[in-house]
Amino acid sequence: MWKKKLTGLAAGVMLAGALAGCSSDGGPKGDLVVSGDTLLSHVCVAQSRYYPGDRIIFRALVTDSKDGSLVEDAKVKLVFENGEEMEMVLGMHGQENTELWSVGYDVPESAPTGTLEYKVVAEHGKKKAEYVPYNVSLSKVTIVEPGTPVGGEEAKKALEEQASKS
């Protein structure tokens, strides 16, 4: 009886440990935590649908799970499913001057429509972490045919404002 309870308790502790390693807070203390998003470059509006010819800004934040501090000397790169890599550079972004890694990617005019799979890989010393967008269609960067609606009213307003300033 006690053996079964101890075995169950041990299994529960192992499961909790495994789940902690998969948690959104980056797992064990001191690990890297990577998050990211994509923006349409000329209006800085977060979105996931882009046209051929658009410039996508890929952004990432790399922090230490122990104290949430920015890991400024991490090496961060964008990696596409075809193996192409682009180094990301740390810099200030937005009105809040948030320090983020970023890199711009020009969608070729000849790009096929469909999902553009990618991940952001961060390394710091022996530590390595990745950011991969949720496996939900609206979270995936997708190249669409020109004329296909890509954003809500907020994106439309930002585009109109940008056009009126030109």
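Contact here means heavy atoms within 4.5 Å. This is a predicted model, where local features need pLDDT of at least 70 and side-chain atom pairs count only at pLDDT 80 or more, while totals for chains, interfaces and linings use all residues. Residues are numbered from 1 along each chain as its sequence is written, and side-chain values use heavy atoms, leaving out hydrogens and water.

Start with the whole protein chain in cartoon view. You'll find two helices and twelve strands (DSSP runs numbered from the N terminus: H or I of at least four residues for helices, E of at least two for strands). Going from the N terminus, the order is α-β-β-β-β-β-β-β-β-β-β-β-β-α.

Next, select Arg-49, which sits in strand β3 (residues 49–50). What does Arg-49 touch, leaving aside residues up to four places away in sequence? The list is Ser-137, Leu-138, Lys-140, Thr-142, Val-144 and Val-150. Show its polar contacts (N or O pairs within 3.5 Å, one able to donate a hydrogen and the other to accept it; residues adjacent in sequence count only if both atoms are side-chain atoms). The Arg-49 side chain reaches the backbone oxygen of Lys-140 at 2.9 Å, and there's a side-chain-to-side-chain polar contact with Ser-48 at 3.2 Å.

Now hop over to strands β7 (residues 89–93) and β8 (residues 98–106), an antiparallel couple joined by five bridges. Pick Val-89 and look across: Ser-102 in β8 stands opposite. Finish in this hairpin, with four residues between the strands, on Gly-94, whose phi is positive, near 70°.

Terms used: Pairing = 2+ DSSP bridges.
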